[in-house]
Every structure is written in structure tokens, then in C-alpha cells.
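Dear colleague,

I am passing the structure below on to you, and after it you will find an account of what turned up when I went through it. Please read the text with the structure open beside it.

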Amino acid sequence: MVFVLICANHFNSILNIISYKRRIFLSRGKRPKWMIKIAIERMNILFERAEMEFITHPERSNRYVELALKLSTKYNTKIPEKWQRRYCKKCKKFLYPGHNCTVRLINSEVNIFCGECGHVMKIPYHKEKKLKRRAKYESIKKRNDE
Ligand SMILES: [Zn+2]
């Protein structure tokens, strides 16, 4: 009986050491590059799945978005740029233009209206407009010079 108790104690201490090491390994701060790479890959897969299953199982796609957001906080990485406008920043639900969200251009801003909670995400595009204007101006100048 005593032997079993000692054994159990020993086992517990080993477990404690392992969990302590794990805690150090996964503490706050920047992750190694290979981890971040895998996390980004996984986020991409989750969002692709979410898009695929939105029409048949919308609750599943919301869950996938939740998992991807958790990954991004855990590994200190941004959501891939391709998917940044595909979930609501307020209610964290997957947005599918034409089904539960509308996209409009108002006052040099992309307005993404979430049909689930009514939140409006506004993304300005002044920079793109400026670049376009400059390109046009330069092409006219070039033509005049010739
Ligand atoms: Zn929303």
C-alpha cells in the first residue's frame, strides 16, 4: 500500500515537471517560425471549410471562425489578408456576401454590413484612389511630353 502511494507521488511529481516545462515552452511572447507557419496553414484550412459549409451548416462555419481566431491569439499572428473581411469583428460570425452581409462603397470607404448583428465595418480606400489619380496624371504628362 505504502509502495503504491510512493509510486503515485512520484508519478505526480513527474507530471508536474512535464506541465511546468510545457508552460515555459508555451508562455507568452513570440513563437518560433515553424509554429506560426503551421498556424497560418491551419487558419486557411479552417476558413476554406467555413466557406464550403456555410450554406448547409452555418453554425459549423461560425465555429471554424471561432477556432481560427483562437489560433491567431495563441500564436500571435494576424488572420490571413484574404480572410480578414470574411468574418464580423463584433459577433465573430462568418460573412458570406449575398447571404448574410452586404458590401457597399460609401464616401471612399468599403462598408461591410453584418446581417447577423447589424455591425458595419468601414475600410477606407483613399490610398488606392490617390495612387490611381497619380497614375492617370503621370500618363497624361507622359503623353504631352512625347
Ligand atoms: Zn456581426
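**The sheet and its hairpins**

Strand β2, residues 109-114, pairs with β3 in the antiparallel sense, and five bridges hold that pairing. Please keep in mind throughout that this is a predicted model. Within the pairing of these two strands, Phe113 stands opposite Val120 of β3. On the β1 side, β1 and β2 also run antiparallel and are joined by six bridges, with Leu105 placed opposite Val110 in β2.

Taken together, the three strands form an open sheet in the order β1-β2-β3, with antiparallel pairing. Because β1 (101-106) and β3 (120-124) each have a single partner strand, they stand at the edges of the sheet, and one side of each is left without a neighbour there. From one strand to the next the twist averages 20°.

The hairpin of β1 and β2 has two residues between the strands, and Asn107 in its turn has a positive phi of about 50°. The hairpin of β2 and β3 has five residues between its strands, and there Gly118 takes a positive phi near 85°.

**The helices**

Helix α2 (residues 33-53) and helix α3 (residues 58-74) have axes that come within 8 Å and cross at roughly 165°. Since angles over 145 degrees count as roughly antiparallel, α2 and α3 are therefore roughly antiparallel to each other. The crossing in which α2 passes α3 is left-handed. On the α2 side the contact is made by Ala39, Arg42, Met43, Leu46, Phe47, Arg49, Ala50 and Glu53, and on the α3 side by Arg60, Ser61, Tyr64, Val65, Leu67, Ala68, Leu71 and Ser72.

Helix α4 covers residues 126-145, and at 1.5 Å a residue its 20 residues should span 28 Å; the C-alpha atoms at its ends are 29 Å apart, which agrees with that expectation. The helix is hardly covered, since the count of buried residues among its 20 residues is zero, where a residue needs 20 or more other C-beta atoms within 10 Å to be buried.

**The loop between α3 and β1**

Asn76, which lies in the loop between α3 and β1, has a positive phi of about 55° although it is not a glycine. Asn76 is partly exposed, because 13 other C-beta atoms lie within 10 Å. Lys92 is found in the loop between α3 and β1 as well, and its phi is near 55°, again a positive value in a residue other than glycine. With 14 other C-beta atoms within 10 Å, Lys92 is partly exposed. For context, most residues other than glycine have a negative phi.

Pro97 also lies in the loop between α3 and β1. This residue counts as exposed, because it has 11 C-beta neighbours inside 10 Å, and the cut-off for that class is 12 or fewer. The C-alpha atoms of Pro97 and Cys114 are separated by 9.4 Å, with the two residues 17 residues apart along the chain.

How values were computed: Residues are numbered from 1 along each chain as its sequence is written. This is a predicted model: local features need pLDDT of at least 70, side-chain atom pairs count only at pLDDT 80 or more; totals for chains, interfaces and linings use all residues. Two strands pair if DSSP finds at least two bridges between them. Helices (H or I, at least four residues) and strands (E, at least two) are DSSP runs, numbered from the N terminus. Axes are lines fitted to C-alpha atoms, for helices over the stretch in contact, and angles run from 0 to 180 degrees between N-to-C directions. The expected span of a helix is 1.5 Å times one less than its number of residues. Angles under 35 degrees count as roughly parallel, over 145 as roughly antiparallel, 65 to 115 as roughly perpendicular and the rest as oblique. A crossing is left-handed if the near helix is turned anticlockwise from the far one by less than a right angle, and right-handed if clockwise. Two residues are in contact if their C-beta atoms, placed from the backbone, lie within 7 Å.
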